Amino acid sequence: MINNGNTYNLQLTRSRLKEKVALITGGGSGIGEATAKLFTSEGASVMITGTREEKLKKVTKDIQSNGGNTLYAIQDVSKEADWEKTIQALINRFGKIDILVNNAGITGDLLASLPDRTAEEFMQVLSTNLLGPFLGIKTAVPFMQKGASIVNVSSIAGITGNAGGNAYTASKGGSRMLSKGAAIELAKQGIRVNSIHPGYVETPMVQDMRDANAFREMAVGSTPLGRGASPDEMAMGILFLASEESSFMTGAELIIDGGFTAF
Ligand SMILES: NC(=O)c1ccc[n+]([C@@H]2O[C@H](COP(=O)([O-])OP(=O)(O)OC[C@H]3O[C@@H](n4cnc5c(N)ncnc54)[C@H](O)[C@@H]3O)[C@@H](O)[C@H]2O)c1
């Protein structure tokens, strides 16, 4: 038991999110899928969203067949109207929102030099990775109560620069600072906002990219632990930030990168 004014009982049981309602964007694959599965196994009711219905349907079915409470909605996170529809659907179904995980993201071409990057692609990456989380916070906060938690999935690319990742790095640095600004503003309402910074994680995002093998070799080679992470290892960090176990953390960065940024 810790004394944080609320005297929570921190139980290491499978019910760390009991009675909580969460929205996870990009829940049809990778880190979002792992997080949805972990959250529901910890007692949360979860809405997953994304643009690919087949993927969302499959994750929803998997979770429901394990007794989890979940539903999906089609949503493009870069569209304000989609956010309004999604949050309304979540409130209609569950009556509240306790946790928002802004996870959906795209890399753009991670190997494009600055002169070769088009302005359109740059803006597309920013629209998904930075405007998306902003719209999510803006739309969800009016429905949130004291004790709510927002987790923005940034990246080590939001901490360190790299050649070729100019659009992605700009978006993830933006998401890191969006989290801090929101954390300060929302603290008086008792809403916490933190960011998580994954290193190289074995998901479709990096497995399906151009020159995936060379990129993997480079990323794993620069990771002191000498391997890529599983999506579950990110989900554990997101669970910590979403739950009351991190009740005195806000505006913080949780780096889970196998030591990549330790140099
Ligand atoms: N895999 C890694 O190595 C790594 C490293 C650091 C950070 N991240 C971040 O983790 C998050 C999850 O990525 P992942 O690795 O699980 O990859 P992923 O490709 O499996 O997941 C991303 C999800 O976002 C969805 N998505 C993309 N654009 C969207 C949009 N406009 N609206 C709604 N959904 C959209 C995709 O359909 C997909 O399901 C991303 O924000 C990514 O930047 C990943």
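This is a predicted model: local features need pLDDT of at least 70, side-chain atom pairs count only at pLDDT 80 or more; totals for chains, interfaces and linings use all residues.
A crossing of two helices is right-handed if the near helix is turned clockwise from the far one by less than a right angle.

**Entry: α3 and α4**

I looked up how helix α3 (residues 80-94) sits against helix α4 (residues 119-140), and found axes that come within 10 Å and cross at roughly 40°. The two helices are therefore oblique to each other. I checked the handedness too: the crossing of α3 and α4 is right-handed. From α3, the residues in the contact are Glu-80, Trp-83, Glu-84 and Ile-87, and they meet Leu-135, Gly-136, Thr-139 and Ala-140 of α4. Sorted by class, I get four nonpolar, two polar and two charged residues in this contact.

**Entry: the sheet**

Next I traced the strands. They form an open sheet of seven, ordered β3-β2-β1-β4-β5-β6-β7, and the pairing is parallel. At the edges I find β3 (69-74) and β7 (253-256); each has a single partner strand, so one side of each is left without a neighbour in the sheet. The twist from one strand to the next averages 15°.

Strand β5 (residues 149-153) and strand β6 (residues 192-198) run parallel and are joined by five bridges. Asn-152 has Ser-195 of β6 opposite it.

**Entry: helices on the sheet**

I asked which strands helix α5 (residues 166-186) lies across. They are β5, β6 and β7, and α5 runs at about 160° to β6. α8 also packs on the sheet, where I see it touching β1 (21-25), β4 (99-102), β5, β6 and β7, with its direction at about 165° to that of β6.

**Entry: α1 and α8**

My next stop was α1 against helix α8 (residues 231-242), which pack at an angle of about 55° with axes 8 Å apart. This pair is therefore oblique as well, and the crossing of α1 and α8 is right-handed. On the α1 side I list Gly-30, Ile-31, Glu-33, Ala-34, Thr-35, Leu-38 and Phe-39; on the α8 side, Pro-231, Asp-232, Met-234, Ala-235, Ile-238 and Leu-239. By class, that contact has nine nonpolar, two polar and two charged residues.

**Entry: around the ligand**

Last, I turned to the ligand. I find 28 residues around it, with Gly-26, Gly-30, Gly-105, Thr-203 and Met-205 coming nearest. Gly-30 is a name I had already met in the α1 contact with α8. Both α1 (30-41) and α6 (204-207) supply at least two residues of this shell. The shell divides into 11 nonpolar, 15 polar and two charged residues.

Methods
Residues are numbered from 1 along each chain as its sequence is written. A residue is near a molecule or strand if its C-beta atom, placed from the backbone, lies within 6 Å of it. Helices (H or I, at least four residues) and strands (E, at least two) are DSSP runs, numbered from the N terminus. Ala, Val, Leu, Ile, Met, Phe, Trp, Tyr, Cys and Pro count as nonpolar, Asp, Glu, Lys and Arg as charged, and the others, Gly among them, as polar. Axes are lines fitted to C-alpha atoms, for helices over the stretch in contact, and angles run from 0 to 180 degrees between N-to-C directions. Angles under 35 degrees count as roughly parallel, over 145 as roughly antiparallel, 65 to 115 as roughly perpendicular and the rest as oblique. Two residues are in contact if their C-beta atoms, placed from the backbone, lie within 7 Å. Two strands pair if DSSP finds at least two bridges between them.
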